[in-house]
Amino acid sequence: MSALKAILLDEIAAHGPLPLDVYMARALADPEHGYYMQRRPFGAPDSDGGDFITAPEVSQMFGELIGTWLADLWNRMGQPDPFALVELGPGRGTLMADILRVGQVLPAFLKSAQVHFVETSPALRQAQKQAVGKDVDAHWHADITTLPDLPCLLVANEFFDALPIRQTRKTASGWQEIHVGAKGDALVFAPQDVAAPDFSEAAKACLPETLDAQAIVETCPQGEAAMRQLSAHIAEQGGAALLIDYGHANKACGDSFQALKGHRFVDPLQAPGMADITAHVNFPLLAHLAELADLQVAPVATQGAFLENLGLNMRAQQLMQSSPGRETQIQSERARLAAPDEMGTLFKVLGVAHKAMPPLAGLTLEGAT
Ligand code: SAH
């Protein structure tokens with residue numbers, strides 16, 4: 001049994017079931033036993049035995065295209081100097097390292113960039129420091145509220161899916177909130193009756209028109225708060241944000257609470273702290289929150305369409321020509337990022353920007369949903 005599971009079983013015995021978001025927050029971010037606090041979770045199954053692999057870890061092409069997107073936008077917005085180059089939840093720091101490497105094509109972009117990371121895990125902060133190298137004067141923040149008063153270009157890949165969710169269910173006799181309780185030595189889902197669901201006005205506005213019987217509605221109060229903060233920050237300071245994650249582009253509901261361990265789905269209650277737990281991101285709600293803060297919002301695109309609009313196929317061709325012997329690998333990385341049956345369709349891209357910003361490349365072209 002995982003150490004955290006034993007602790008949570010004791011707590012539940014003493015105080016009763018935990019709301020799902022409290023469980024998920026503990027499983028991922030408990031200071032001692034949380035998944036992101038103690039493990040190096042990212043990696044390919046055949047390299048360092050990680051539990052899941054993210055787009056920047058699949059291929060350098062991902063970070064290169066995002067880096068080009070950022071440098072181009074910085075150029076077209078009037079080359080603010082200095083500006084904050086911000087990443088939320090940078091994991092191993094691979095995406096930022098690739099952005100900074102490709103940024104060398106526009107030295108003034110790099111010279112003006114102040115790198116800011118929002119990251120809670122001390123172990124991952126160390127990894128990020130190593131990834132960008134000691135020559136980069138990077139700053140770390142526990143949340144968005146302490147970002148500097150500068151125009152801001154922000155990216156977040158698989159950040160929102162790691163924030164704790166609640167699940168609320170509509171039944172014939174009323175509403176229930178899903179909690180985590182105990183049955184012997186096992187953690188189990190324990191629905192608790194509630195008088196009324198605790199949805200924000202913004203979340204209510206983004207629910208489907210009708211809810212089926214037994215429909216599960218997922219909300220992410222921490223994700224909503226982060227989106228409100230980052231939207232307010234951009235409205236005040238100028239700039240844009242590019243949010244990439246897996247989730248739904250249209251109003252939807254349903255259970256998406258899931259765990260991955262060793263690249264396989266596992267029961268999310270089986271070993272808290274030992275497996276990655278995530279949930280789908282509610283893109284209509286993130287877009288709505290940005291609109292409420294008076295930002296411009298590009299239609300949500302699929303990751304495949306976005307990367308192809310930015311030149312993924314051309315970049316893959318170039319790499320294949322310059323790296324003989326790696327053609328098959330590069331082709332399979334390209335497919336992994338963009339093919340509809342891999343990350344291409346499930347992953348979505350949301351671009352939001354200050355009203356004074358120029359159009360966001362790659363996002364309003366064909367393929368936007
Ligand atoms: N972007 C990386 C890693 C994604 S995993 C990649 O694509 O590979 C999620 C990341 O978000 C981790 O770095 C995790 O430590 C961080 N994280 C999770 N919850 C957070 C929170 N509440 N505040 C700041 N960072 C958080």
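**View 1. Aromatic pairs in the predicted model.** The count comes to nine aromatic pairs. Rings of Phe, Tyr and Trp (its six-membered ring) pair if their centres lie within 6.5 Å; planes under 30 degrees apart are stacked, over 60 edge-to-face, the rest tilted. Tyrosine 35 and tyrosine 36 are edge-to-face, because their ring centres are 5.4 Å apart and their planes stand at 70 degrees. Tyrosine 35 and tyrosine 36 are both buried (under 20% relative accessible area, 1.4 Å probe, protein chains only). Trp74, Phe83 and Phe109 make up one aromatic cluster. This is a predicted model, where local features need pLDDT of at least 70, side-chain atom pairs need 80 or more, and totals for chains, interfaces and linings use all residues. Residues are numbered from 1 along each chain as its sequence is written, and side-chain values use heavy atoms, without hydrogens or water.

**View 2. Residues around the ligand.** The shell holds 16 residues, with Thr54, Gly89, Gly91, Glu119 and Asn157 coming nearest (a heavy atom within 4 Å). By class, eight are nonpolar, six polar and two charged; Gly counts as polar.

View 3. A ligand oxygen is 3.0 Å from a polar backbone atom of glycine 91. Another entry pairs a ligand oxygen with a polar side-chain atom of glutamate 119, at 2.6 Å. A ligand nitrogen lies 3.2 Å from a side-chain N or O atom of glutamine 222.

Note on methods
A polar contact is a pair of N or O atoms within 3.5 Å; within protein, one must be able to donate a hydrogen and the other to accept it, and residues adjacent in sequence count only if both atoms are side-chain atoms. Buried means under 20% relative accessible area, exposed over 50%, partly exposed in between (1.4 Å probe, protein chains only).
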